[in-house]
Amino acid sequence: MAGKYDYDLFVIGAGSGGVRAARIAAEHGAKVAVAEEYRVGGTCVIRGCVPKKLFVYASHFPEDFKEASGFGWTVGETSFDWKTLVANKDKEIDRLNGIYIRNLEKAGVEIVATRAVLKDSHTVHLAGEDRDVTADKILIATGAAPFLPDIPGIEHAITSNEAFHLEKLPRRVVVIGGGYIAVEFAGIFNGLGVETMQLYRGPLFMRGFDDDLRDMLAEEMRKKGVDLRMNCDIVEIARKDGELHLTLTDGDVIKTDCVMYATGRHPNTKDLGLDAAGVKLGKSGEIVVDKYSKTSVDNIYAVGDVTDRANLTPVAIREGHAFADTIFGDKPAAVDHSIIPTAIFSQPEMGTVGLTEAEARERYDEVDIYKTDFRALKNALSGSQEKTFMKLVVDPKSDKVLGVHIMGPSSGEVIQAVGIAVTMGATKAQFDATIAVHPTAAEELVTLRNKWQAPVVKAAD
């Protein structure tokens, strides 16, 4: 292709969404280039989902060693070396980075290792090479960056970006935030033996998730030793005598060795030249797009976290693929953001898909709830008091399963399969007709028969 322009498609940002879009567009026959100023792979691969999951694995071993005795194993003296974990993690990230590069090159995509800035709707300036290139279509896939509040002493804090490269594991840490990243890192640090406190400014963390999941996660995290403090925030950070002093909103002062902020991420739209190209931004700095990921400019598109629709790696990948199929494959595709299976690698792990109970009650006249909590079979011998939880949200009129919410080991693996059923519109009767796999925790999803009834609260005499 490529007529009067240098490229049919120029992608700014080689994260999950940008890489997928570039590769699929090239496979459709387009002449494609992608610019990346850091490393190919983006947040997820380089300093997000993948290294985080590796750290989660590492943090589980102390519990595994402890629980082994119930099964007859005697575990000798153990020790942990932070630098070994970081070095091995880096080695794996380098490997994945190389795979991403090879896949792009194999598809015929040109990789430009520099920052790219829009000069107009068809012109991109390559800052590191001080030259301009033109493209028929431009895709913005620059993701998002951690947010830090403007408080005194914020320069002493870190984000998840820095947490992956700490020179040594702190003895004490305070994690601020109530979303995925905050609860996952609180679990990681706590599991690795760090004295861990998590602060959240609201009444209960994991806002937007099912309330039962939120309550049970808080209970289990506290049982594991995480000091959870809700309705609490930091107003000032000061370094004194080799430690950090945190002044809280309630006036309390906490001493710690490390402060990690995980209070959300902001779209990476600053200094990209979007104004020059006429691209409209939303109130949070996100790029406004339609269902086909088109911006306010006809030939400019955007996918992933920079659009602030559903900020998850698989969503960015799906959006990138749909964009390429729509524009270069003659296969129009709009991504459905209404049903997104997702896992939270908290400790214990959680998985969720579809509507929460609260959302369902807002949309439907009636809602049936099926739920259970129990100690998994493994815990009968391990001695662990950790609970597993499962919940189905059902529309009684259509019998359709509106949402599934689970907490326990391998919840992410389970919810991926369950997500297929919910996406297909499976009914409770179809869940019931499915033969259980025994003995598993997941069999509870197809053996729940009794609707949950809210306890009756009697008025005081």
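1. Pro439 sits in the loop between helix H13 (428-433) and helix H14 (444-447). Helices (H or I, at least four residues) and strands (E, at least two) are DSSP runs, numbered from the N terminus. The peptide bond that joins His438 and Pro439 is cis, with omega about -5°.

2. A word on the model and its numbering. Residues are numbered from 1 along each chain as its sequence is written, and this is a predicted model in which local features need pLDDT of at least 70, side-chain atom pairs count only at pLDDT 80 or more, and totals for chains, interfaces and linings use all residues. Side-chain values use heavy atoms, with hydrogens and water left out.

3. Another cis peptide bond joins Gln347 and Pro348, where omega is about 10°. Pro348 belongs to the loop between strand E17 (342-344) and strand E18 (350-354). Most peptide bonds are trans, and most residues other than glycine have a negative phi.

4. Asp271 is not a glycine, yet its phi is positive, about 55°. Asp271 lies in the loop between strand E15 (265-267) and helix H8 (274-277). Asp271 counts as exposed because its relative accessibility is 55%; the classes are buried (under 20% relative accessible area), exposed (over 50%) and partly exposed (in between), with a 1.4 Å probe and protein chains only.

5. Asp308 also has a positive phi, near 55°. The loop that holds Asp308 runs between strand E16 (300-302) and helix H9 (313-328). With a relative accessible area of 36%, Asp308 is partly exposed.

6. Helix H3 covers residues 49-68, which is 20 residues. From its first C-alpha to its last, H3 reaches 28 Å, close to the 28 Å expected at 1.5 Å a residue; the expected span is 1.5 Å times one less than the number of residues. H3 bends by about 30° at Phe61, and the proline Pro62 follows within four residues. The bend at a residue is the angle between axes fitted to the seven residues ending there and the seven starting there.

7. Which residues of H3 are buried? They are Pro51, Lys52, Lys53, Phe55, Val56, Ala58, Ser59, Glu67 and Ala68. Their cover includes helices H2 (42-47), H4 (82-107), H5 (160-163), H6 (180-191) and H11 (378-382).

8. H3 and H6 pack at an angle of about 40°, and their axes are 8 Å apart. Axes are lines fitted to C-alpha atoms, for helices over the stretch in contact, and angles run from 0 to 180 degrees between N-to-C directions. The two helices H3 and H6 are therefore oblique to each other; angles under 35 degrees count as roughly parallel, over 145 as roughly antiparallel, 65 to 115 as roughly perpendicular and the rest as oblique. On the H3 side, Lys52, Phe55, Val56, Ser59 and Pro62 meet Glu184, Gly187, Ile188 and Gly191 of H6, where contact means heavy atoms within 4.5 Å.

9. Ile176 is in strand E8 (residues 172-176). Ile176 is buried, at a relative accessible area of 3%. Leaving aside residues up to four places away in sequence, the residues that Ile176 touches include Ala182, Leu199, Asp233 and Tyr261. Asp336 is 160 residues from Ile176 in sequence and 32 Å from Ile176 in space, C-alpha to C-alpha.

10. Thr388 is found in strand E20 (residues 388-394). Its relative accessibility is 3%, so Thr388 counts as buried. Among the residues touched by Thr388, not counting those up to four places away in sequence, are Thr372, Phe374, Met407 and Ala441.
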